[in-house]
Every structure is written in C-alpha cells, then in structure tokens.
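Here is a brief report on aromatic pairs and helix packing. Look over the sequence and the model before reading on.

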Amino acid sequence: MIPIVNMRKISGWRTEESVLVVLRTVFLGIVVSLFLFLWAMSFITPWDGGDERWVPWAVAAIGIISLAWVASIRRRPLLTTSPEALARHYRALFFIGLGAAADAALLGFVGVFLGGSLWIYLVGLAFGLVGLWMIAPTRSDIERRQREITAGGSPLSLLEALTSIPPARP
C-alpha cells in the first residue's frame, strides 16, 4: 500500500482527502498494527514463559497513567479563531492522544521481552485499545467537541472544518 501512495505523489495524481478521512485512516492503521504485533510475537514468545515478576504490574501502571493522560488531552479546549485553526488544533490533539494511548500497548510489547510471556502484551493492549477508543475521531467525539465549541460562543463547525478539502499546494 505504501508504494501505491508514493506512486500517487510521484506521478502527480492529486489526492483530495479531508482531514477527517486522514485521521480515521491513521487511527485504523494504528489499531491494526497493534494486533499485528500480537500475531508476529506469537511466533517468537510463549504465552506463559514463567516468572514475569513485576513486569505486568508495571505495564498496568503505565496503562493507567496513559489513560489519565488521554483523558486530560480530551478535556483541552479547541482553538476557535478560524476553521483552519480549529481543524489544525483538533488534528494536533488527536495525534498527541494517539501517542499517549499507544504508549501502554507499546510498553506492553517491551514487557513481553522483559517478562518472557506474551500475555503481558495483552495487558498493555487492553489499556491501549481503551485509550484509542477514547481519542478516536468518531461521530460522537466530533459532536461532543461541537457542543463544547457552541457552548463557548463560537459559530464554527468542527465537522465542516474537518471535512473541507484543503487548497492545493504548489
């Protein structure tokens, strides 16, 4: 898929995708990749390798911290000076939240090698999936954010800002 995307850019094809389509595509790619890590590691590490010691507890603690971080990111108000600034700020908060949500799963990946058991990744994956669900650019999230924007007295529409096609760059 990556060579096709690169060919589109090289050959001059103009791909007009809204910010919302790009965010949802990235989101789905991250979710799928987390499950692909599980599949790949199933060939390398046993499900129960023995003495995991403190590792699952550390992964769970990091998972709780990452969920708290995602919740704080969701509470940040959006910048409503213009539709472009609104879309840009929503996109920035999405990517910050994406990193915070994926932390637990990726540290669970490291925990597999420290603890020697694949089930440790499932602990991190569970926290990661909850965090990703919290930050996902879903219809309900956009509606929730729109209620916040309207309550703040701004006439801007988040959905319109995210679905408008940006102008072509030379």
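## Aromatic cluster

One aromatic cluster is formed by Phe37, Phe109 and Phe113. The model is predicted. Four aromatic pairs occur in the structure.

The ring centres of Phe37 and Phe109 are 5.2 Å apart. Their planes meet at 40 degrees, so this pair is tilted. An angle over 60 would be needed for edge-to-face, and one under 30 for stacked. Phe37 belongs to helix 2 (residues 19-41) and Phe109 to helix 4 (residues 83-115), so the pair ties together parts 72 residues apart in sequence.

How accessible is Phe37? Its relative accessible area is 31%, which makes Phe37 partly exposed. Phe109 is also partly exposed, with 26% relative accessibility.

## Phe94 and Phe95

The rings of Phe94 and Phe95 have centres 5.1 Å apart. Their planes are at 70 degrees, so the pair is edge-to-face.

Phe94 is buried, at a relative accessible area of 2%. Phe95 is partly exposed, at 37% relative accessibility. The cut-off for buried is under 20%.

## Helix 5

Helix 5 covers residues 119-135, 17 residues in total. From its first C-alpha to its last it reaches 25 Å. That is close to the 24 Å expected at 1.5 Å a residue.

Buried residues in helix 5 include Ile120, Tyr121, Leu125 and Phe127.

Conventions. Residues are numbered from 1 along each chain as its sequence is written. This is a predicted model: local features need pLDDT of at least 70, side-chain atom pairs count only at pLDDT 80 or more; totals for chains, interfaces and linings use all residues. Side-chain values use heavy atoms; hydrogens and water are left out. Rings of Phe, Tyr and Trp (its six-membered ring) pair if their centres lie within 6.5 Å; planes under 30 degrees apart count as stacked, over 60 as edge-to-face and the rest as tilted. Helices (H or I, at least four residues) and strands (E, at least two) are DSSP runs, numbered from the N terminus. Buried means under 20% relative accessible area, exposed over 50%, partly exposed in between (1.4 Å probe, protein chains only). The expected span of a helix is 1.5 Å times one less than its number of residues.
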